[in-house]
Amino acid sequence: MRDGRGRNKRKFGVEEELLLVDAATLRPSPLGEQAVVLHHGITSSGSGLATELKQEQIESVCPPQTTLEGQLQAIRSGRAAADAAAQAAGGRAVALATSPVAAASHFTSSARFAMIADRFGMTAKEQLTNGFHVHVEVSSICEAVAALDQIRVWLPTLLALSANSPFWQGADTGFASYRYQAWSRWPTSGPTEFFGADTGYLNYRQSLLDTMVPLDQAMIYSDARICEHQSTLEVRIADVCLEAEHAAVLAAIIRALVETAARDPQIQPPGIPASLLRVWSWEASRSGTEGKLIHPRSGTPAPAAEVARALLEQLEPVLEDYGDLDQVRFEVARILRDGSGARAQRQAFASRGRIPDIVAMAIDRTHAGAAEAAASPLSVGRAPAPD
């Protein structure tokens, strides 16, 4: 499919990690392996399901798309497939980036996960977080590295727009995205340095692997990374979004960031140190869209709406060519006005002071639009392999 200038649209695919809860108690439930097995007899959609580190989560792997509308339908279909499999096992699948309900979690049975559990101790044991991963097609590692260098300063803004994890172990953390705080305990997580060229990236990657701290390349958990086996740039900083519409628009923004960088690779991006970007992301994790973010053009705090507006202004030519501009503007304005999933969770809790009410609300919001997904065919491609 071509854009408004006759160019081929860059493909993009998403992976959503979802929380599995007991249908009756709404507490996290170790149903992951069972649900994935049951999935094969339930659905013929283009989405695949995969187990994750913990039994209390499941991953929906959506087929690559070329349009925002196709992406929305793919996300809805993936959520519906995960929920159908979860219901067959006595549970529900819900788009929560952390569990509001205090609960223990259990490792999925695999040799690799057993090695991770042994190697990373309490960091792995306490880890129950659900992210939103967006893969954007790239033509070469050179294009991917140049795009990674350009988009890294905008990743904290994406985190703020997605923020959907204010609760942890039954308490309000004071953060909009506490998932990012918990995830940052992994030694290879966080922002990348400015690479400048593909050799800079390759040397960095090899230096990480040489430490033998990560078990393998798949454990390089940076906020954005290059997936050479898929020819994609993968952005991993975001929380799984409460609403499918928010997720689809966030994916469209990420694709537009990569396309914008690819159209003018000679632009010299700011070489902000990773240590400083980590502070920007901390602020985005803390405040979400409710307060101030660090503006990439000044390096100082500015209202979230101002930073989001600057991001969309930079992406406007690509979003317009792709036919995504109006929908992206609408959903971003809605997030800024009504709040992300973090505000919705706090509002659900505030009404009666009951943590399970958060989960019940989130189940409804996760699967809003499911009927539209069932009625709309998907353009199915090869789904990205889960990491």
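1. Basis. Because the model is predicted, local features are described where pLDDT is at least 70 and side-chain atom pairs count only at pLDDT 80 or more, while totals for chains, interfaces and linings use all residues. Residues are numbered from 1 along each chain as its sequence is written, and side-chain values use heavy atoms, with hydrogens and water left out.

2. Strand S9. Helices (H or I, at least four residues) and strands (E, at least two) are DSSP runs numbered from the N terminus. In strand S9 (residues 232-239), 8 of the 8 residues are buried, so the strand is largely enclosed by the rest of the structure; buried means under 20% relative accessible area, exposed over 50%, and partly exposed in between, with a 1.4 Å probe and protein chains only.

3. Partners of S9. Two strands pair if DSSP finds at least two bridges between them. Strand S5 (residues 131-137) runs antiparallel to S9 and is joined to it by 6 bridges, with Phe132 standing opposite Ala238. Strand S8 (residues 224-227) also pairs with S9 in the antiparallel sense, over 4 bridges, and here Arg225 stands opposite Glu234. The hairpin of S8 and S9 has 4 residues between the strands, and Ser231 takes a positive phi near 55° in it.

4. Helix H12. The buried residues in helix H12 (residues 341-352) are Gly341, Ala342, Ala344, Gln345 and Ala348. Their cover includes strand S6 (167-168) and helix H13 (355-366), where contact means heavy atoms within 4.5 Å. Just after H12, Gly353 has a positive phi of about 70°.

5. Ser285. This residue lies in helix H9 (residues 274-287) and counts as buried because its relative accessibility is 0%. Leaving aside residues up to four places away in sequence, Ser285 touches Leu159, Phe175, Ala176, Ser177, Tyr180 and Gln181.

6. Ile58. Strand S3 (residues 57-61) holds Ile58, which is buried with a relative accessible area of 0%. Ile58 and Leu18 are 40 residues apart in sequence, yet 5.4 Å apart in space, C-alpha to C-alpha. With residues up to four places away in sequence not counted, the residues that Ile58 touches include Leu18, Leu20, Val36 and Leu49, as well as Glu16 and Glu17.

7. A cavity is a set of points, on a 1 Å grid over the protein atoms alone, where a 1.4 Å probe fits but cannot get out, and its lining residues have an atom within 4 Å of a point. Grid points are joined across faces, edges and corners, and a volume is the space filled by probe spheres set on the points. By this rule there are 3 cavities of 30 Å³ or more, and the largest cavity has about 50 Å³ of space. Its lining consists of Arg152, Leu155, Pro156, Pro191, Thr192, Asp223, Leu277 and Ser281, with helix H5 (155-162) and H9 as the elements that give two or more residues. By class this lining has 4 nonpolar, 2 polar and 2 charged residues; Ala, Val, Leu, Ile, Met, Phe, Trp, Tyr, Cys and Pro count as nonpolar, Asp, Glu, Lys and Arg as charged, and the others, Gly among them, as polar.

8. Second largest cavity. This cavity has a volume of about 40 Å³ and is lined by Glu17, Thr129, Gly131, His133, Arg179, Trp183 and Arg236. S5 and helix H6 (178-183) each supply at least two of the lining residues, and the lining divides into 1 nonpolar, 3 polar and 3 charged residues.

Definitions and conventions: 1 Å grid on protein atoms, 1.4 Å probe; cavity = no way out; pocket = protein on both sides within 12 Å on 5 of 7 lines; lining within 4 Å.
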